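Please look over the structure below with its charged side chains in mind. The report is meant to be read alongside the sequence.

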Amino acid sequence: MGPNFLKMLDKFADRYDFPVLDNENMPMVACKVSLYADKSEWILFFEIISCTANAENNVYVFGSHIKVPGLQISLDAYVTLTMDDEDDYLQDLLQYEKRSDLSIYVNHHKLSVDLSEGIIENINKPEGNPSDLLLVRVIYEQNPNHFWLAKKELFDSVERKELPLVFEATEWEHPDIVNGEKPSDSEFFKALAKRLDDEDIEITTGRVNTDWLNWLAEYKLVESDEEPKMIKTEIQETGFKEVYRITDYTALYKIDFLGPYGWIAKAYAEFGPDMKNSFILNISEDIEEDLNLISQKYQKEDGIITTDSMDEEFLEVLAMEADQGYLSIVFLFVKGEYDKSNEIVKVPKGGACFMWELDGEGAYLAVAVCLITMNLSEIWECI
């Protein structure tokens, strides 16, 4: 089972449907890996606690009998002030005069927490009010075992029978996916693969690097009232055409949004008024339900949603979907043509494509002086 184990992990890492610990839009608070196996089956779970507007537990699952490996569930509003999922504005905790004996809910379980100034200052951070991310980390450090799902919850998420636990850890050698490293490069994952074939193999964690501060931009630790900055850089991106199936563009730009909040508004202010056509791929049923609540102006056919115009709220819902780790949105800056029979999109001269990046970090902008074409059927195969 070992060789197939590494092949599967590498395959999904190539697709960015594998934990990326330095995702700027979903900064990590903590992470855990758990391997379960018997003689005939194995299942590997990752739990990635992250925090943007609220805390989430993103659960990735890979296994010999898992029908759809990769990101399995995202449990949002994971840390709340009450049992109400909407009551998750963690900054309210800092308004209490007595902050040494507070109650908080993690995955609907009531916990006690100390958020007094001395406790928070123990974490080396820049000057300024602590961010939600930092608050969640302080809560985690006081209640680390209560953040992880129970064994039954993990196996219920994939509808498989429970298997014996082989190994679990919060510290291991994780590959730097963005910079081209693969799980098969990690001594830890190679040790897990060997363990699946030999029960006597001792699992080594390799060069441990999963400490949250290793993958985190320092400014994420404090609140900021500054407007997010947009950085647009012309690049020569190897592999771009292979992933996005977009050809004939004249210039390619990488767009990054720096700043903890408001980057969706920034993107819309910059590009939104010109978005005339959108193709949304591989969209989930949950997000489609959210779209129905705010708009009826899109059409769906053969798994592809199209919309003729865009507003900020619509963009925000779609961006949530893109952040789940795969390509889901292509925006066209002029009215394009869609050849349904061949699943080819054509962007005329003077147009451009704005694509949310595969792992939710920033976007790409491909500008045309002549015709841009993209093959949606090939993109669909990629994702």
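Predicted model: local features only at pLDDT ≥ 70, side-chain atom pairs only at ≥ 80, totals over all residues.

| Salt bridge | N to O distance |
|---|---|
| Lys-32 and Glu-168 | 3.2 Å |
| Glu-141 and Arg-137 | 3.0 Å |
| Arg-207 and Glu-173 | 3.0 Å |

Lys-32 forms a salt bridge with Glu-168. This pair links distant parts of the chain, since Lys-32 belongs to strand 1 (residues 28-37) and Glu-168 to strand 8 (residues 165-169), 136 residues apart. Lys-32 counts as buried at 13% relative accessibility, whereas Glu-168 is partly exposed at 38%.

The side chains of Arg-207 and Glu-173 also meet in a salt bridge, and this pair too joins distant parts of the chain, with Arg-207 in the loop between helix 5 and strand 9 (229-234) and Glu-173 in the loop between strand 8 and helix 5, 34 residues apart. Arg-207 is exposed, with a relative accessible area of 62%, while Glu-173 is buried at 5%.

Glu-141 and Arg-137, by contrast, both lie in helix 3 (residues 132-142), where being four residues apart separates them by about one helical turn. Glu-141 is partly exposed at 42% relative accessibility, and Arg-137 is buried at 12%.

Elsewhere, Asp-76, Asp-84, Asp-85 and Glu-86 form a negative surface patch. Glu-86 sits in the loop between strand 5 (79-80) and strand 6 (102-106) and is exposed, with a relative accessible area of 68%.

In helix 5 (residues 187-197), the buried residues include Phe-188, Phe-189 and Arg-195. Ser-186 caps the N-terminal end of helix 5, with a side-chain oxygen 3.1 Å from the backbone nitrogen of Phe-188.

Key:
Residues numbered from 1 in each chain as written. Heavy atoms only, no water. Buried < 20%, exposed > 50% of the residue type's maximum accessible area, 1.4 Å probe, protein only. Helix = DSSP H or I, 4+ residues; strand = E, 2+ residues; numbered from the N terminus. Polar contact = N/O pair within 3.5 Å; in protein donor to acceptor, adjacent residues only side chain to side chain. Patch = residues over 30% accessible without salt bridge, like charges linked within 9 Å, V, L, I, M, F, W, Y side chains within 5 Å. Areas by Shrake-Rupley, 256 points an atom, 1.4 Å probe, with all protein chains shown as cover. Salt bridge = Lys/Arg side-chain N within 4 Å of Asp/Glu carboxyl O. Lys, Arg positive; Asp, Glu negative; His and termini not counted. Charge placed at Lys NZ, Arg CZ, Asp CG, Glu CD.
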